[in-house]
Amino acid sequence: MFHKEGYKIMTVTAIILIAINMITYSLINVYWVKFAILVVSILFFLLIIQFFRNPKRTTSHNNKHIIAPVDGKVVAIEEVYEKEYFKDNRLQISIFMSPINVHVTRHPVGGKVTYSKYHPGKFLVAWHPKSSEENERTTVVVKNELAGEIMYRQIAGALAKRIVNYAEVDAEVVQGSDSGFIKFGSRVDVFVPVGTKVNVEINQKVKGGVSVIADVAS
């Protein structure tokens, strides 16, 4: 199963690769050269389609749980001053996605979207300390009846050239549902209240829509 954001890119890539191989077959008489181009084309296409895969995930809905919005590796757990929306200290949990990870973004909690904003910016490497505030990014806040307002931020990396965000203000969203997509490598930061119990560690791998990264108090 593939994400809808990849349909156009996959189709265009397939057409271009087929055209290249047809031209190669007509103009080149050296068999191993034609074969090599074919193999490279197949491998390149497989690389493209694996990036846009969208595996079905079953989320156990629970207002006490904050789930990982994306697949990847936890690269930061720290208290920071969040100046865009909350304007106070929050606990930031950052998840880095490599180009081979699933890049679907999912809602970490269910509830009402109270804030959703796109910010143009730079394309620093996703693990750069300033990428959360200087890179191209989108910030979304969802108000949950138990967890309160939880923020997550999609951040473009050095390879990511487009962030897709489906969250709209006042929309009611379901925990684990599709909230967007980041094309070609990036990171997502989740901001939770200070004192929230964190269930993950640095360098731990998490699965979007499944892994519980934090628990809120009852």
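Modeller: Let us begin with the record. For "transmembrane region", an unreviewed UniProt entry lists residues 7-25 and 31-52. The model itself is predicted.

Colleague: What share of residues 7-25 is helix, and how far apart are the end C-alpha atoms?

Modeller: An annotated span can be set beside the secondary structure of the model. Residues 7-25 are 100% helix and 0% strand, with the end C-alpha atoms 27 Å apart. For residues 31-52 the share is 95% helix and 0% strand, and the end C-alpha atoms lie 32 Å apart.

Colleague: How many helices and strands does the chain contain?

Modeller: The chain has 3 helices and 14 strands. Of its 218 residues, 47% are buried. Among contacts with a separation of 6 or more, 73% join residues 24 or more positions apart.

Colleague: Which residue does UniProt mark with the feature "active site"?

Modeller: The unreviewed UniProt entry places this feature at Ser186. The record also gives "modified residue: Pyruvic acid (Ser)" at Ser186. Both are annotations from the record; the model supplies the setting.

Colleague: Where does Ser186 lie, and is this residue buried or exposed?

Modeller: Ser186 lies in strand β11, which covers residues 186-193. Opposite Ser186 in β11 stands Ala156. To classify exposure, one compares the relative accessible area with a cut-off: under 20% counts as buried. Ser186 has a relative accessible area of 0% and is therefore buried.

Colleague: What is the general idea behind a nonpolar core?

Modeller: In soluble globular proteins, nonpolar side chains tend to be buried together. In this model, the largest nonpolar core has 28 residues, and those that touch the most other members are Ile66, Val142, Ile150, Tyr152, Val190, Val206 and Ile213. The largest share, 4 residues, comes from β3.

Colleague: Which residues does Ile66 touch?

Modeller: Leaving aside residues up to four places away in sequence, the contacts of Ile66 include Pro108, Val109, Ile150, Val190, Val192 and Ile213. There is also a second, separate core of 9 residues, including Met10, Phe52, Val164 and Phe181.

Colleague: How many aromatic pairs are there, and how does one tell them apart?

Modeller: The structure holds 3 aromatic pairs. One reads the distance between ring centres and the angle between ring planes. Tyr31 and Phe35 are stacked, at 6.1 Å centre to centre with 15° between the planes. Both lie in helix α2 (residues 31-51), 4 residues apart, about one turn of the helix. Tyr31 is exposed, at 61% relative accessibility, whereas Phe35 is partly exposed, at 46%.

Colleague: What angle separates the ring planes of Tyr85 and Phe86?

Modeller: Their planes stand at 85° and their ring centres are 5.1 Å apart, so the pair is edge-to-face. Tyr85 is partly exposed, with a relative accessible area of 26%, while Phe86 is buried at 13%. Tyr85, Phe86 and Tyr115 form one aromatic cluster.

Colleague: Which charged residue sits over the ring of Phe86?

Modeller: The charged end of Arg90 sits over that ring, 3.7 Å from the centre of the ring.

Definitions and conventions
Residues are numbered from 1 along each chain as its sequence is written. This is a predicted model: local features need pLDDT of at least 70, side-chain atom pairs count only at pLDDT 80 or more; totals for chains, interfaces and linings use all residues. Side-chain values use heavy atoms; hydrogens and water are left out. UniProt positions are given in the numbering used here, feature names are shortened, and annotations may be inferred rather than shown by experiment. Helices (H or I, at least four residues) and strands (E, at least two) are DSSP runs, numbered from the N terminus. Buried means under 20% relative accessible area, exposed over 50%, partly exposed in between (1.4 Å probe, protein chains only). A nonpolar core is a set of buried Ala, Val, Leu, Ile, Met, Phe, Trp, Tyr and Cys residues joined through side-chain atoms within 4.5 Å. Contact means heavy atoms within 4.5 Å. Rings of Phe, Tyr and Trp (its six-membered ring) pair if their centres lie within 6.5 Å; planes under 30 degrees apart count as stacked, over 60 as edge-to-face and the rest as tilted. A charge sits over a ring if NZ of Lys or CZ of Arg is within 6 Å of the ring centre and within 35 degrees of the ring normal. Two strands pair if DSSP finds at least two bridges between them.
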